[in-house]
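Okay, everyone, thanks for coming.

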Amino acid sequence: MDREDRMDRQLDYARIGGRIRQARKMKGWRQDRLAKECEISLSFMGHIERGTRRMSLDTFAKICKMLEADTHELLWGAPYGAGPGLVDMWERPELRDAHSYRVYVKIMKSIADIMQEM
C-alpha cells in the first residue's frame with residue numbers, strides 16, 4: 001500500500017482502542033496503571049480503549065512508549081512495512097505489482113542467506 005492509499009484510510013478509533021487494550025493486557029497491566037503512567041484519568045483511558053473519545057498525539061505517544069508498542073501497529077493493525085504489498089499480494093491478485101514482487105524476492109533472498117549462515 002503506498003503512502004497515498006494510507007492517507008485515504010480513516011482512523012478507526014474503536015479498533016485502535018481495542019489494539020491498545022490488547023497490548024496493555026499482553027503487558028499484564030490493568031487499565032488504571034496505564035492511565036497513571038500516561039498521566040490521564042482512568043475514565044479517559046476507558047474511552048480511548050472503547051474508541052468513544054479521541055486522544056491527543058501526545059497521549060498516543062505516551063501510550064505507545066509505556067506499552068513499548070509500535071505506533072503503526074496500534075493505528076493500522078500491522079507493523080510499518082508489513083502492508084498488503086507483501087502480506088496479501090498472493091491472496092489478492094489486484095495488489096500484485098512488479099515493485100511488490102521485487103521486495104518479496106529480496107526478503108526471501110535475505111532469509112535464505114541468513115539460513116545458510118546458521
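Which residue's side chain meets that of Lys-62 in a salt bridge, at 3.0 Å from N to O? That's Glu-39. Lys-62 sits in helix H5 (residues 57–67) and Glu-39 in the loop between helix H3 (31–37) and H4, so this pair ties together parts 23 residues apart in sequence.

Quick housekeeping. This is a predicted model, where local features need pLDDT of at least 70, side-chain atom pairs count only at pLDDT 80 or more, and totals for chains, interfaces and linings use all residues. Residues are numbered from 1 along each chain as its sequence is written, and side-chain values use heavy atoms, with hydrogens and water left out.

By salt bridge I mean a side-chain nitrogen of Lys or Arg within 4 Å of a carboxyl oxygen of Asp or Glu. Helices are DSSP runs of H or I, at least four residues, numbered from the N terminus.

Back to Lys-62: its side chain also meets Asp-58 in a salt bridge, 3.7 Å from N to O. Those two both lie in helix H5, 4 residues apart, about one turn.

How exposed are they? Buried is under 20% relative accessible area, exposed over 50%, partly exposed in between (1.4 Å probe, protein chains only). Lys-62 is partly exposed at 26%, Asp-58 is partly exposed at 49%, and Glu-39 is exposed at 63%.

Now over to Glu-49, which bridges to Arg-24, closest N and O atoms 2.6 Å apart. That one links helix H4 (residues 42–50) to helix H2 (residues 13–26), with the partners 25 residues apart.
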